Every structure is written in C-alpha cells, then in structure tokens.
Amino acid sequence: MTVPAFDPVRIGIVSVSDRASSGVYEDKGLPALQDWLQRALRNPINFEPRLIPDEQDRISAALIELVDAGCSLVLTTGGTGPALRDVTPEATLAVAHKEMPGFGEQMRQISLRFVPTAILSRQVAVIRDKSLIINLPGQPKSISETLEGLKNPDGTQVVPGIFAAVPYCIDLIGGPYLETDEAVCKAFRPKSAIRAR
C-alpha cells in the first residue's frame with residue numbers, strides 16, 4: 001500500500017509595519033512566521049509573503065487578494081495594539097464572513113503568562129471563504145509562543161498554542177489536510193477526522 005503524500009498548502013504571511021515597509025528597519029515578522037511554519041508543518045508549503053504599512057484599506061485588500069489566490073491560511077503579524085496606527089484587527093474584521101473569537105482569547109491567555117500588557121492585544125481570527133485568517137503578535141518570540149503554546153522543560157504541554165486547532169479548522173472549511181511535526185506542535189482532531197497513514 002502506498003502512503004499518500006502530504007497535501008500541498010498555500011499560506012499567506014503578512015507583516016504589517018509602517019517602518020519596516022518603508023525600509024526604516026528590517027522586517028522580522030515574515031522570517032519568524034516562515035521559520036515557525038516550516039518547522040511545524042510536514043506539508044509542502046507555498047508561501048505568499050506581503051510587507052505592508054499600517055493602512056486599513058491596504059491590509060484588507062492584501063487579505064482578500066491572498067484568499068482569492070487560494071491561501072487556506074493567512075497569518076498576519078503586527079498592528080494589533082491600541083496605538084492610533086494599529087488597525088490590523090479592523091482590516092481583518094472588515095473582510096470576515098465568520099469571526100473565530102477563541103483564537104484571540106487563547107493568544108491573550110498565553111501572553112498574559114509573560115506580560116500584563118497582553119490585555120492590550122486585540123488579535124482576531126476570521127474565516128473568509130475557505131480561508132482562516134489569524135492576527136498574531138508583532139514580536140517573533142510572541143509569535144512562536146502563541147502558535148506553539150507553553151511547555152514544561154520536559155516538553156509536556158502546559159498551555160496549548162492556537163496552532164493545535166488550526167488543521168482541524170481548515171478541514172472544516174474545506175481546505176487541505178495539514179499535518180504537524182508533533183515535536184513542535186501537536187494538532188488536535190477528533191478521532192473520526194484523523195487521516196490514516
């Protein structure tokens with residue numbers, strides 16, 4: 001019997017920053033997202049990167065473009081605080097067909113274990129067509145913590161990261177079957193949804 005190949009997946013990664021997009025400093029968001037996803041997923045990934053300023057219309061347009069291009073997952077980083085120019089959540093909600101509030105709630109719970117200012121975070125997650133769009137924090141360390149969750153020194157999970165729920169969510173909206181490297185992040189699916197290998 002032949003083992004089926006891993007489903008290919010197209011993933012949009014969006015870094016939202018006025019200063020990085022204008023060349024004032026080097027963007028760290030896109031490399032952090034790409035690195036984590038390459039470690040976490042066993043699927044072949046086609047990345048669609050975007051580096052854009054904190055402008056609501058441009059962010060919304062980029063999200064729509066990525067969904068229309070066939071991205072099953074779109075991850076954004078940056079622009080989720082309370083500052084006047086932080087408009088990523090508004091831009092994301094503007095293109096939503098469904099809101100997925102549990103992702104933002106869990107990200108804040110994880111981040112609150114490190115800093116009390118995590119309550120100022122406004123990340124949201126939404127579904128548009130057959131795509132899951134998630135706003136992540138702006139700092140590479142926080143990106144990894146929220147996606148992966150918190151582990152004890154022996155590797156046992158203390159608090160699940162949000163990515164554990166992403167593969168099954170993408171199953172439910174008609175996307176490819178995502179498979180994770182359990183050393184990085186163990187995906188959760190009901191037994192009836194697990195594909196035999």
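Select Glu 48 and Arg 50 first. Both residues are buried. Their side chains meet in a salt bridge, 3.5 Å from N to O. Keep in mind that this is a predicted model.

How accessible is Arg 10? Arg 10 has 27% relative accessibility, so it counts as partly exposed. Glu 48 has 17%, which is under the 20% limit for buried, so it counts as buried.

Now select Glu 90 and Arg 122. Here the closest N and O atoms of a salt bridge are 2.6 Å apart. Glu 90 lies in helix α4 (residues 88-93) and Arg 122 in the loop between α5 and β5, so the pair ties together parts 32 residues apart in sequence. Glu 90 is partly exposed, at 32% relative accessible area. Arg 122 is partly exposed too, at 25%.

Salt bridges with shared partners join Arg 10, Glu 48, Arg 50 and Glu 65 into one network. Across the whole structure, a search finds ten salt bridges. Side chains of opposite charge can pair when their charged atoms come close.

Select Leu 37, Leu 73, Leu 132, Ile 134, Leu 136, Phe 163 and Val 166. In the largest nonpolar core, which has 32 residues, these touch the most other members. Which elements each supply at least two residues of this core? They are β1 (9-16), α2 (29-40), β3 (73-77), α5 (101-112), β5 (125-128), β6 (131-136), α6 (140-148) and α7 (166-172). Helix α2 gives the most, with six residues.

Centre on Leu 37. Leaving aside neighbours within four places in sequence, Leu 37 is in contact with Ile 11, Ile 13, Ile 45, Phe 47, Leu 75 and Phe 163. Apart from this core lies another, of 15 residues; Val 16, Leu 63, Val 67 and Val 95 are among them. In soluble globular proteins, nonpolar side chains tend to be buried together.

Select α6. Its buried residues are Ile 143, Glu 145, Thr 146, Leu 147 and Glu 148. What do the buried residues of α6 pack against? Their partners are α2, β3, α5, β6, β7 (149-151) and β8 (157-160). Step past the helix to Gly 149, which follows α6 and has a positive phi, near 90°.

Turn to the surface. Select Leu 112, Ile 119 and Leu 120. Together they form a nonpolar patch with about 280 Å² of accessible area. Leu 112 belongs to helix α5. Leu 112 is partly exposed, at 34% relative accessible area.

Last, select residues 12-157. UniProt lists this range as "domain: MoaB/Mog", in an unreviewed entry. Its end C-alpha atoms lie 27 Å apart, and the span is 38% helix and 23% strand.

Then pick Val 24, in the loop between α1 (18-21) and α2. Is Val 24 buried or exposed? Val 24 has 58% relative accessibility, so it counts as exposed. Draw a distance from Val 24 to Gln 157. The two are 133 residues apart in sequence and 38 Å apart in space, C-alpha to C-alpha.

Methods
Residues are numbered from 1 along each chain as its sequence is written. This is a predicted model: local features need pLDDT of at least 70, side-chain atom pairs count only at pLDDT 80 or more; totals for chains, interfaces and linings use all residues. Side-chain values use heavy atoms; hydrogens and water are left out. A nonpolar core is a set of buried Ala, Val, Leu, Ile, Met, Phe, Trp, Tyr and Cys residues joined through side-chain atoms within 4.5 Å. Buried means under 20% relative accessible area, exposed over 50%, partly exposed in between (1.4 Å probe, protein chains only). Helices (H or I, at least four residues) and strands (E, at least two) are DSSP runs, numbered from the N terminus. Contact means heavy atoms within 4.5 Å. Patches are made of residues with over 30% relative accessible area and no salt bridge: like charges are joined within 9 Å, nonpolar side chains (Val, Leu, Ile, Met, Phe, Trp, Tyr) within 5 Å. Accessible areas come from the Shrake-Rupley method with a 1.4 Å probe; for residues, only the protein chains shown count as cover. A salt bridge is a side-chain nitrogen of Lys or Arg within 4 Å of a carboxyl oxygen of Asp or Glu. UniProt positions are given in the numbering used here, feature names are shortened, and annotations may be inferred rather than shown by experiment.
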